[in-house]
Amino acid sequence: GMGHTGPWKDCVAFGPTVQSLGGLTYLTSYTINEPIGLGHAYADVVSGLYGVLAVLAALECRDRTGEGQHIDLSEYEAVCTAIGPALMETFLHQKEIVPQGNDYRPAAPYGCYRCWGKDRWCVVAVFTEDEWRALCRALGNPDWAEDERFSTLAMRKKHKKELDRCIEAWTTAHPAETVVQKLQRAGVSAGVVQHAGDLAGDPQLLARDFFVFMKHPVLGESKTDTSPIHFMDSPGEPFKDAPLMGQDNQDIFKEILGLSEGTVLSYMERGIIA
């Protein structure tokens, strides 16, 4: 969690806690007064990637020198590297770095917008003047698009709240899929904010056979996700149902541990195994 040295070396680590210590939770917010943080233990993922790189580097060292390496990896430090640009901005300009929320400096409009229906959203990003004009055409060239406040990227950034209200007035009148299809055809970056139900019927995932159907002895017919890793020459074994409690005990005791039938029965009689 904290590495093998330092005053915190014996502290217990937990992904969300390390993210908070490392500044990531503060930056993953909408305002400076209400830190939200990420919805999962991103710190565990980042430190895992560093772990892979460290092991590969140690193996390379072994191949070159014949000697191994002792790896001291700090999850806390791994998270700190994830906010590198913010740290650099602080060092260079000596100013406070605040959460950006859905904002992004080189683009306007840029954000997540409510669409027609219950809890339906889309994201839209406009980076260039050509994309801005394409967006306006897709919206039917509304009168507000000619407003001086939205004439340049700098002006659109300055009047972001007013611009977002204008964009959302249009998106809320249409389904998210309709909005995204229309904007993408116009050359504007946009995407639907999908929920689990959308993913279950996503045409890309279905075409890739990302889901498989299984018949579980307890749960019955169920649909589950598979591995995102595909080996073209080695498709691998088909996914199996999750085993029931103790379902594989006999195979483990006899085939893997090499226990005889008599030994297994003896242990079961004595309550050592079930």
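Just after helix 6, glycine 140 adopts a positive phi of about 85°. Helices here are DSSP runs of H or I with at least four residues, strands are E runs of at least two, and both are numbered from the N terminus.

Colleagues, this is a predicted model, in which local features need pLDDT of at least 70, side-chain atom pairs count only at pLDDT 80 or more, and totals for chains, interfaces and linings use all residues. Residues are numbered from 1 along each chain as its sequence is written, and side-chain values use heavy atoms, with hydrogens and water left out.

I stay with helix 6. Its buried residues are Glu131, Trp132, Ala134, Leu135, Cys136 and Ala138; buried means under 20% relative accessible area, exposed over 50%, and partly exposed in between, with a 1.4 Å probe and protein chains only. They pack against strand 2, helix 7 (153-158), helix 8 (160-171) and helix 9 (176-185).

Trp132 also belongs to a cluster, linked by ring pairs to Trp144 and Phe150. Rings of Phe, Tyr and Trp (its six-membered ring) pair if their centres lie within 6.5 Å; planes under 30 degrees apart are stacked, over 60 edge-to-face, and the rest tilted. Over the ring of tryptophan 132 sits the charged end of arginine 156, 4.5 Å from the ring centre. The criterion is NZ of Lys or CZ of Arg within 6 Å of the ring centre and within 35 degrees of the ring normal. Lysine 223 likewise places its charged end over the ring of phenylalanine 211, 4.9 Å from the centre.

In total, the structure holds five aromatic pairs. One of them joins tyrosine 110 and phenylalanine 127 edge-to-face, at 6.4 Å centre to centre and 75° between the planes. Tyrosine 110 lies in strand 1 (residues 110-114) and phenylalanine 127 in the loop between strand 2 (121-125) and helix 6 (129-138), so the pair ties together parts 17 residues apart in sequence. Tyrosine 110 is partly exposed, at 27% relative accessible area, and phenylalanine 127 is partly exposed, at 35%.

Finally, I turn to glutamate 89, in helix 5 (residues 84-93). Is glutamate 89 buried or exposed? Its relative accessible area is 19%, and glutamate 89 is therefore buried. Leaving aside neighbours within four places in sequence, glutamate 89 is in contact with Gln94, Lys95, Ile97 and Arg105, where contact means heavy atoms within 4.5 Å.
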